[in-house]
Amino acid sequence: MPSPPNQGFRIRSSRFNHVGTALRRVATLFAQALAKCIQKCSSNPQRAIGLHPVSTASPDMDNTKELDFASLPPIFIIPANLQAEDLHEAEDAIYEHAGQLSYQPKEARIFLGRVGQKKRAAFELRSRGVWTEEVALVKEHVRKKRKLNSSDVKVSVSGSETESESGADSSKAPSSTTLLSSLDDHVIVLKLEWLYMSISAGHFLPFQPYQVYYGQIIDKPVAEPSVTSSPTQTITLIKATPDPPGTQTQSTPHTPRNQGSSITSILNNTSLTMKLSPRRFRDQHHGRGTPPPTLLPTYPRLHRTTTSEHDFLSERLPPPPPWLTERHPRPNYACLRSTHANPPNAPFLAHLHKIKEARILTLDEIGVRAYSSAIASLSAYPHQISSPAEITRLPGCSEKIAALWYEWHNSSPDDPTQRTLSITEALDHDEDLKHLRLFYDIWGVGAETARKFYYEHGWKDMDDVIEFGWNNALSRVQQIGVKFYDEFKLKIPRSEVESISDTILHHARICKGIPKPHWSNKENEYRGNWSKPDDGHGDPNWDARDMVCVIVGGYRRGKKECGDVDVILSHRDEHMTKDLVTAILRSLEKSGHVTHTLTLHTTNSDRDQQTLPYKGMGHSGHGFDTLDKALCVWQEPEFDVATATEVDRDGKPKNPNVHRRVDIIVSPWRTVGAAVLGWSGATTFERDVRVWCRKERGWKFDSSGVRDRGSGAVLDLESVKPRQETVKGKEKAVVVEDDGDSWEDRERRIMEGLGIGWRPATERCTG
């Protein structure tokens with residue numbers, strides 16, 4: 001067999017497990033070289049017999065020339081989203097074309113990978129110790145070209161071409177510094193397709209079509225970068241009739257803070273990152289040594305077990321849960337596994353929640369998503385963790401999470417109640433984070449607005465907010481959040497949640513004129529506790545003409561105390577639910593139960609209670625939910641006057657009852673199952689339901705129903721469907737009424753129709 005092209009080809013034992021695989025690799029390279037030779041001969045027969053006629057075409061149009069990457073700066077392949085075989089294939093392609101393949105990200109200037117977003121690209125660089133600041137890629141002006149010799153090299157940068165011209169000494173080859181001088185202190189992230197398309201074309205293609213990110217290299221910040229805020233007030237919730245806040249700002253008691261904070265330095269502390277073994281460095285142009293000791297941070301290290309220890313631990317590991325076995329279709333989705341409240345690893349999860357909260361307050365969206373996935377996976381794990389090996393086999397849990405558990409566990413091996421993490425202790429004592437938490441807990445204030453209060457206005461407590469921002473920096477919703485700050489933080493017992501739900505249902509019946517004889521005696525149905533009797537005919541005390549009220553949220557997931565009250569109202573007559581939320585709100589305000597309306601949405605009634613359109617029709621940016629809803633402040637109007645200790649402005653006894661947060665949602669019966677499903681699960685569960693529908697089904701799930709993303713058609717997954725029953729060994733399709741078609745049956749059918757399977761709300765506690 002002829003030898004492969006002399007391009008430094010080497011066989012690595014880590015890639016080829018046997019000789020047959022190596023031989024197939026050699027044969028493939030030989031076939032590629034032979035194909036190139038045949039292509040050259042067929043395109044230019046004269047060259048095949050040794051003739052070299054003068055060509056009038058430009059040399060850079062000759063695609064048959066072997067592409068040489070030696071003139072480019074060091075290249076690093078980002079392994080994210082790449083299989084091992086794809087990674088090695090890309091490395092081989094660079095190596096075979098004399099490229100400077102680097103395994104040290106800090107020395108590379110060109111990064112190739114399957115990364116499509118700027119945020120993700122910056123995160124990949126930052127996670128590898130390359131700190132950058134995004135800058136616009138300035139196109140270079142192209143000088144007047146002259147005819148180049150065949151030895152000249154041309155590289156296109158951002159659509160503009162930088163040519164190396166021979167000048168006085170045409171034999172002198174241009175350096176990579178001359179070709180890509182802008183990358184001396186900059187880095188560029190390109191899609192991996194640029195590599196293969198350039199090789200296929202025979203010359204370097206422009207960077208611009210494949211550019212993902214371009215940034216200037218900076219030192220690792222010791223303080224948090226500045227966040228540019230919008231000149232308008234940032235409000236996290238949509239108000240029905242907002243009063244625009246003033247644009248003028250009074251002087252604050254503190255000099256506006258520089259947004260430098262120790263939070264980022266804490267989160268990026270080396271204790272959060274596992275030191276991974278670098279890939280083998282095969283390029284002879286670069287050394288194999290490690291960076292100087294001063295550049296190596298201190299990492300929390302996992303215990304490196306020997307083979308015998310590994311086998312011993314594997315035998316002692318508990319069996320994996322059912323959702324982690326090979327038979328389970330997609331273990332990465334939290335909506336496909338059961339997650340109970342109070343998991344066995346709750347003490348360790350409490351520390352992860354603190355880190356996640358810090359990520360939220362530092363606007364690290366990627367970090368928030370990563371920790372949310374890890375928390376959901378650990379919450380579903382049914383065993384108490386005893387080894388880091390148990391963590392690394394869970395989806396969403398990397399060695400970083402295992403290292404955190406290892407540190408937490410070893411902080412107090414004998415007394416589990418004293419276990420802690422150095423990073424969470426640092427976060428607990430961080431002054432900036434304390435102030436951000438204070439403002440973030442204001443209802444109607446998100447992370448960006450909390451940072452604006454602290455870093456731009458210099459406010460440090462509620463007194464500053466009231467004194468300097470009440471009239472010109474706070475929206476009406478935020479003013480209400482400040483006014484009832486302490487009361488909103490108090491938890492609501494389940495008995496009070498049920499009492500509030502009873503009152504809402506009573507007012508809904510009165511607003512729609514439902515006669516009292518039609519009121520259902522099934523008082524437990526709307527609390528999610530009712531089930532069908534064994535006779536298959538439903539409860540005879542229940543009337544289909546009555547209004548249905550379902551308590552969702554944390555109450556339905558089994559929480560003993562809730563942060564707010566979420567109820568869904570529905571009726572089998574679709575005309576009864578249209579504009580119902582407005583009528584109920586007016587009735588509750590008149591009775592004194594609702595003291596303030598935070599937001600009022602009539603989006604569903606405005607579109608005639610149809611499922612949210614996928615695209616077009618002027619609907620966009622609806623967010624997580626599009627049903628009719630009223631978010632309001634609730635206070636029981638009845639109280640004992642003798643127990644009142646304060647008086648109001650009119651000198652009357654002031655109501656001492658605590659103000660509560662109550663959400664009233666209205667859904668048509670046609671999609672009540674989607675509404676209950678969309679409001680019953682924890683955040684990560686609901687997120688993954690939508691991701692599952694988008695990626696695995698090609699559908700769009702919303703609390704108002706399901707649509708096909710391709711055709712835009714509404715998918716009815718809740719109605720009663722024929723079911724196969726076996727009769728004397730034969731299958732016969734019969735229509736089953738499914739327990740009188742209750743809201744719980746509709747929720748079960750839509751979960752089965754989506755492909756995620758039914759599980760009670762108490763198993764959707766993903767955190």
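Modeller: Happy to! The model is predicted, so local features need pLDDT of at least 70 and side-chain atom pairs count only at pLDDT 80 or more, while totals for chains, interfaces and linings use all residues. Residues are numbered from 1 along each chain as its sequence is written, and side-chain values use heavy atoms, with hydrogens and water left out.

Strand β7 covers residues 211-217, and its pairing with β3 is antiparallel, over three bridges. Strands here are DSSP runs of E with at least two residues, helices are runs of H or I with at least four, and both are numbered from the N terminus. Two strands pair if DSSP finds at least two bridges between them.

Stepping back, both strands belong to an open sheet of five strands, ordered β1-β2-β6-β7-β3, and the pairing is mixed. At its edges are β1 (75-77) and β3 (132-134), each pairing on one side only. On average, neighbouring strands are turned by 30° against each other, direction ignored.

Two helices lie across these strands. Helix α4 (residues 118-127) lies across β2, β3, β6 (186-191) and β7, at about 45° to β7. Helix α3 (residues 84-96) lies across β1 and β2 (110-113), and runs at about 165° to β1. Contact here means heavy atoms within 4.5 Å. The angles run from 0 to 180 degrees between N-to-C directions, with axes as lines fitted to C-alpha atoms, for helices over the stretch in contact.
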